[in-house]
Amino acid sequence: MTLFDREKMKNAGYSEDVLPTKVEERKWGISNFLTVWMGSVHNIPNYIAIGALFALGLSVGQVFTAIMAASIVIASMLVLNGHAGSKYGLPFAMLLRLSYGPKGAMIPGVLRGVISAIMWFGFQTYAGSQALSILIGKLWPTYLTLGGDWNLLGLSLPALISFLLFWLLNIALIYGGMAFLGKFTNILSPLVYIVFGGMAIWAINLAGGIGPILSYTGTGVPGNKVVIFFAAVTAVVAAWAAPIVNASDFTKLAKSTKTQAIGQTVGLVVTYLLFAVASIAIIVGSEIAFGTPIWNVLDVVARFDGTFAIAISVLTLCLTTLSVNVTGNIVPAGYQLASLFPKTLTFKSGAIIAAITGILVMPWKLMENATSIFTFLNIIGGILAPVTGIMLAQYFLISKTKIDLNALYDAEKGKYHYTKGFNVNAIITTIIAGVICLIGNVVPVLKPLYDMSWFVGIIAAFILYTALESTYSKGALTRKAPELSKENR
């Protein structure tokens, strides 16, 4: 195997942020991967999504099964799409070139970066700021009345202050670097289990025991229960559509592929088991006790009796939301912008630009009701699942897990240059698979495809891209055959 010419690539303008991770820098062990995604599970939007599942009419058993099935799918996808990261130390932004070409990689890169940096980052930041407002309000009640009726684009003065404060916490974590992030998630891990376990026990007692919770079924909406169940699994998985795409941004720090495979699988399944128990107990127990559906977990926390219980619960929600915001949103956005403008931006400067942009889209509009999150997740799944399908097909079937790093980083020529820097097959597949996923939003008869957008997208893209690449390869061999025979005459 040809050695990677690191100095040549640095002289060509690549920063260290987008070059393959050095072997000595790959220090993440199983414990790091056990905890790195914990905040991505136990965060406010995920609890809101589970609350909405009961509105679909699913029973407790069905919701639990949907959550656990989704956890296995998520873990599998993170391990598989993270394989190139742990094997070659490749960041996501550069791995995209393998299937899309150096110029074509900008298309899925921008899709991922825009969704994570602008939509998800803003959404998570606002969710975290709501928790911060509750915490400050309990410690300083006057805070919630500051400014009276004044508002800016729909935000009251306390909400605006909390939003900016939580935004600054995200920026601080970015400047702490990936090494600090690993330590941060390790510290957060036991706190999550203690707090959410305690919340679950509180809700079970409030509901009168485990029996009423287990026998609960949501009022629901009419429809095919099988489709509704798979729609529920899709909703949970689609929340991970973005992290799955850029899994290599984290696995490039792994000591080995085995390390990231064990750590991510065990970590996610165990964490989702706790999440399933806690979320169902908290949401259903609260609804039974208070007699009204409560889809926002923050509304549950606000009903706690003790200030200490509220403070520790809100603090944990803030920290988990902060963790997922950085790992799942800002990190990939920073690397993507750095790869688009390698001579002018670094990871940190790219991340700051993305974070500033995240304020401008008024993310508080995304948490106005319980159903808006389904529309949000289905669109994300429909846009990003095809990218994952293409990446997996290219890496495992077409490239057979073998990558020429020198050719990958050579933007002017090489076997990954494709046609003027674009792999037309990948772009065509992205468009067609994306349309198949999302057309059900406007064509009622195809709505089941939209309800299961992530699964439809990844399967359609995987099959279509493999077929197009196979056809192209056979055509290329056929075109070369006459030339070879002429030379041998």
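1. In helix 4, Asn46, Tyr47, Ile50, Gly51 and Phe54 meet a set of residues in helix 14 that includes Tyr272, Phe275, Ser279 and Ile283, where contact means heavy atoms within 4.5 Å and helices are DSSP runs (H or I, at least four residues) numbered from the N terminus. The residues of this contact divide into 10 nonpolar, three polar and no charged; Ala, Val, Leu, Ile, Met, Phe, Trp, Tyr, Cys and Pro count as nonpolar, Asp, Glu, Lys and Arg as charged, and the others, Gly among them, as polar.

2. This is a predicted model, in which local features need pLDDT of at least 70 and side-chain atom pairs count only at pLDDT 80 or more, while totals for chains, interfaces and linings use all residues. Residues are numbered from 1 along each chain as its sequence is written, and side-chain values use heavy atoms, with hydrogens and water left out.

3. A search of the whole structure finds nine aromatic pairs, that is, rings of Phe, Tyr and Trp (its six-membered ring) with centres within 6.5 Å, called stacked when the planes are under 30 degrees apart, edge-to-face when over 60 and tilted otherwise. The rings of Trp240 and Tyr272 have centres 6.4 Å apart and planes at 55 degrees, so this pair is tilted. Because Trp240 lies in the loop between helix 11 and helix 12, and Tyr272 in helix 14, the pair ties together parts 32 residues apart in sequence.

4. Trp240 is buried (under 20% relative accessible area, with exposed over 50%, partly exposed in between, 1.4 Å probe, protein chains only), at 1%, and Tyr272 is buried at 0%.

Methods: Helix = DSSP H or I, 4+ residues; strand = E, 2+ residues; numbered from the N terminus.
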